[in-house]
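Reader: Please take a close look at a single part of this structure and tell me what surrounds it. Keep it brisk, and give me the cut-offs as you go.

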Amino acid sequence: KTEKGKNDTLATVKATLKMPEVWLVSMTIFCVYGMYCGLVYFLPFLEQIYALPIALVGVYGIINQYGLKILSGPVGGVLADKKFKSPSKFLRFSFLVGVVILGIFTFLPHESLGVYTGMILTLVVGAVVFAMRSVFFAPMGEIKIPNEMTGAAMSIGSFVGYAPGIFAYRLYGSILDTFPGLKGFQIVFLIMCGFGLAGFFISNVLVKKIKTKK
């Protein structure tokens, strides 16, 4: 029985690995998390480029780390369920919004903008990413995975999805060390946009797959 159980488990894992929908969801999570890893550099960006006053550092940190997380999660869930009727469609839309806002922000004349403008724009990007992060596992429910494959699918999603945590911080930090000042931050933001663009195309394929299945 034990040997049979092991064989059954192995067969389930193999079958799950062969499901393209599982990989699409996993790569969607990967792209969201790649963008998420870049959010921690918004505060150093504001301090170095916008000369964010010490008095506002704590305020920004509280809003970014607690306010946005508390508010963006429920808002993302409500929008995904009520407005888009699909977390994958919500993610597709959010990727596009995040890329557009971050792309424009990257090339703004930061030297002539006020510190509050910089704070607001970075917080908007953060809100979008936090909202996406709150629902990025939800598409697993849309692809109608058999119950016996759910555990394997979630494990694959976690392993692939959180992979940017292994290299993204090192990559972003290395870029900022190599290109100090505004240029380094612009490169980091463009890489985040790259994650977002990849996520948009992947989630678009995922939406079509789900539609075909239905």
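Author: Contact means heavy atoms within 4.5 Å. Of the contacts in the protein with a separation of 6 or more, 83% are between residues 24 or more positions apart. The model is predicted, so local features need pLDDT of at least 70 and side-chain atom pairs count only at pLDDT 80 or more, while totals for chains, interfaces and linings use all residues. Residues are numbered from 1 along each chain as its sequence is written, and side-chain values use heavy atoms, with hydrogens and water left out.

Helices (H or I, at least four residues) and strands (E, at least two) are DSSP runs, numbered from the N terminus. The protein has ten helices and zero strands. Along the sequence the pattern reads α-α-α-α-α-α-α-α-α-α. Taken along the principal axes, the C-alpha atoms fill a box of roughly 65 × 40 × 25 Å. Buried means under 20% relative accessible area, exposed over 50%, and partly exposed in between (1.4 Å probe, protein chains only). By that cut-off, 45% of the 214 residues count as buried.

The part for the close look is helix H2, residues 20-38. Begin with Thr 28, which lies in H2. Thr 28 is buried, at 1% relative accessible area. Setting aside residues up to four places away in sequence, Thr 28 touches Leu 91, Phe 95, Ile 202, Ser 203 and Leu 206.

Those partners lead to another helix pair. Axes are lines fitted to C-alpha atoms, for helices over the stretch in contact, and angles run from 0 to 180 degrees between N-to-C directions. Helix H5 (residues 87-106) and helix H10 (residues 182-213) pack at about 160°, their axes 8 Å apart. Angles under 35 degrees count as roughly parallel, over 145 as roughly antiparallel, 65 to 115 as roughly perpendicular, and the rest as oblique. H5 and H10 are therefore roughly antiparallel to each other. A crossing is left-handed if the near helix is turned anticlockwise from the far one by less than a right angle, and right-handed if clockwise. H5 and H10 cross in the left-handed sense. The contact of H5 with H10 involves 16 nonpolar, eight polar and two charged residues. Here Ala, Val, Leu, Ile, Met, Phe, Trp, Tyr, Cys and Pro count as nonpolar, Asp, Glu, Lys and Arg as charged, and the others, Gly among them, as polar. Gly 98 belongs to H5. Gly 98 is buried, at 4% relative accessible area.

The crossing of H2 with H8 is right-handed. From H2 come Val 22, Trp 23, Ser 26, Met 27, Ile 29, Phe 30 and Tyr 33; they meet Ala 153, Ile 156, Gly 157, Val 160 and Gly 161 in H8. By class, that contact has nine nonpolar residues, three polar and no charged.

Now the aromatic rings. A pair of aromatic rings is described by the distance of the centres and the angle of the planes. Rings of Phe, Tyr and Trp (its six-membered ring) pair if their centres lie within 6.5 Å; planes under 30 degrees apart count as stacked, over 60 as edge-to-face, and the rest as tilted. By this rule there are 19 aromatic pairs. One is Tyr 36 with Phe 130: the centres are 5.9 Å apart and the planes lie at 70°, so the pair is edge-to-face. This pair links distant parts of the chain, with Tyr 36 in H2 and Phe 130 in helix H6 (residues 115-135), 94 residues apart. Tyr 36 counts as buried at 15% relative accessibility. Phe 130 is buried too, at 7%. Phe 136 and Tyr 162 have ring centres 6.1 Å apart and planes at 80°, so this pair is also edge-to-face. It again joins distant parts of the chain: Phe 136 is in the loop between H6 and helix H7 (139-142), and Tyr 162 is in the loop between H8 and helix H9 (164-178), 26 residues away. Phe 136 is buried, at 4%. Tyr 162 counts as partly exposed, at 31%. Tyr 33, Tyr 36, Phe 130, Phe 136, Phe 137 and Tyr 162 form one aromatic cluster.

Phe 130 has a further neighbour, Ser 72. Ser 72 sits in helix H4 (residues 54-83). Ser 72 is buried, at 7% relative accessible area. Apart from neighbours within four places in sequence, Ser 72 contacts Ala 127, Phe 130, Ala 131 and Ser 134.
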